[in-house]
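Open the model in your viewer and keep the selection panel at hand. Each stop below names what to select and what to look for.

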Amino acid sequence: MLFGSHHSHLARIEARLGITIHAVGNEITLYGETADLNAARTALEGLYARLEKGLEVSRDEVDAVLRMTTQSGGDITDADIQIKTKKKRISPRSPAQADYLRAMDSGELVFAFGPAGTGKTYLAVAKAVERLVSGDVDRIILSRPAVEAGEQLGFLPGDLREKIDPYLRPLYDALHDMLPGDQIIRRMENGEIEVAPLAFMRGRTLANAFVILDEAQNTTAVQMKMFLTRLGENSRMVITGDLSQVDLPRGTRSGLRDAYEI
């Protein structure tokens, strides 16, 4: 529904833009300052366009279109950018996310910097799944440094899988949002999806793959160089991280910072 349950979508637009919306039947009237009214009209037109395409209009979509409207000068064409996976369609929630999706479409190597919760990993995994399902790549490789927050794997209990799984869990969680569980298991068994610590990348050439290195701020300069040189033919690589959350030992320089400053 365009208006939302009990006109909840309209209420969010009113609160965000400081306008008043009166709805009678299928007609609405807007009251407020000209700039705010233009933004509201653009947002409503964008939401209506989603409905015409058979797409969902939830509270999140309302918030996303409002961000697009207010942060990109009234241009909401970015909201039409989509990633299609087996379980859902994903649209950018901000102009920055739209730029990120375009960069992954056009570039072989993409760096994504930002704090937790900005969609760096989630969108990269979604794009990787889309590419795999469409046949553009043969496999997905998801990796993270296996040492975080000062914990060394050798001192943790359990076998290798039990030790590394907690570090890789966010990547598994993102995968389960994109693909049915049975497909994930099958694709992991036949090598189409690989989730592994960064150390396992040494000595490999990653061709025909979509490769993601997450939490890259916790790589050393040597590890970052090693990973960057793994990129093979017909592959794409996305490296994500937050330079304000480096967990390396004191005095160890982040490989992500080195790459950023080159």
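The tour covers a helix, a pair of strands and a group of aromatic rings in this predicted model.

**Stop 1: helix 8.** Select residues 221-228. Which residues of helix 8 are buried? They are Met-224, Met-226 and Phe-227. Now look down the axis of helix 8: these buried residues fall within an arc of 160°, so they line one face of the helix. Turn to the other side, where Val-222 and Lys-225 are exposed.

Next, show what covers the buried residues of helix 8. The cover includes strand 6 (139-144), strand 8 (209-213), strand 9 (236-241) and helix 9 (255-261).

Stop 2: Pick Leu-142; opposite stands Val-195 in strand 7. Then select residues 193-197, which make up strand 7. Because 4 of its 5 residues are buried, strand 7 is largely enclosed by the rest of the structure.

**Stop 3: the rings.** How many aromatic pairs does a search of the whole structure find? It finds 2. Select Phe-111 and Phe-113: their ring centres are 6.2 Å apart and their planes at 10°, so this pair is stacked.

Phe-111 is partly exposed at 29%, Phe-113 is partly exposed at 35%, and Tyr-260 is exposed at 53%.

How values were computed:
Residues are numbered from 1 along each chain as its sequence is written. This is a predicted model: local features need pLDDT of at least 70, side-chain atom pairs count only at pLDDT 80 or more; totals for chains, interfaces and linings use all residues. Side-chain values use heavy atoms; hydrogens and water are left out. Buried means under 20% relative accessible area, exposed over 50%, partly exposed in between (1.4 Å probe, protein chains only). Helices (H or I, at least four residues) and strands (E, at least two) are DSSP runs, numbered from the N terminus. The arc is that of the directions from the helix axis to the C-beta atoms. Contact means heavy atoms within 4.5 Å. Two strands pair if DSSP finds at least two bridges between them. Rings of Phe, Tyr and Trp (its six-membered ring) pair if their centres lie within 6.5 Å; planes under 30 degrees apart count as stacked, over 60 as edge-to-face and the rest as tilted.
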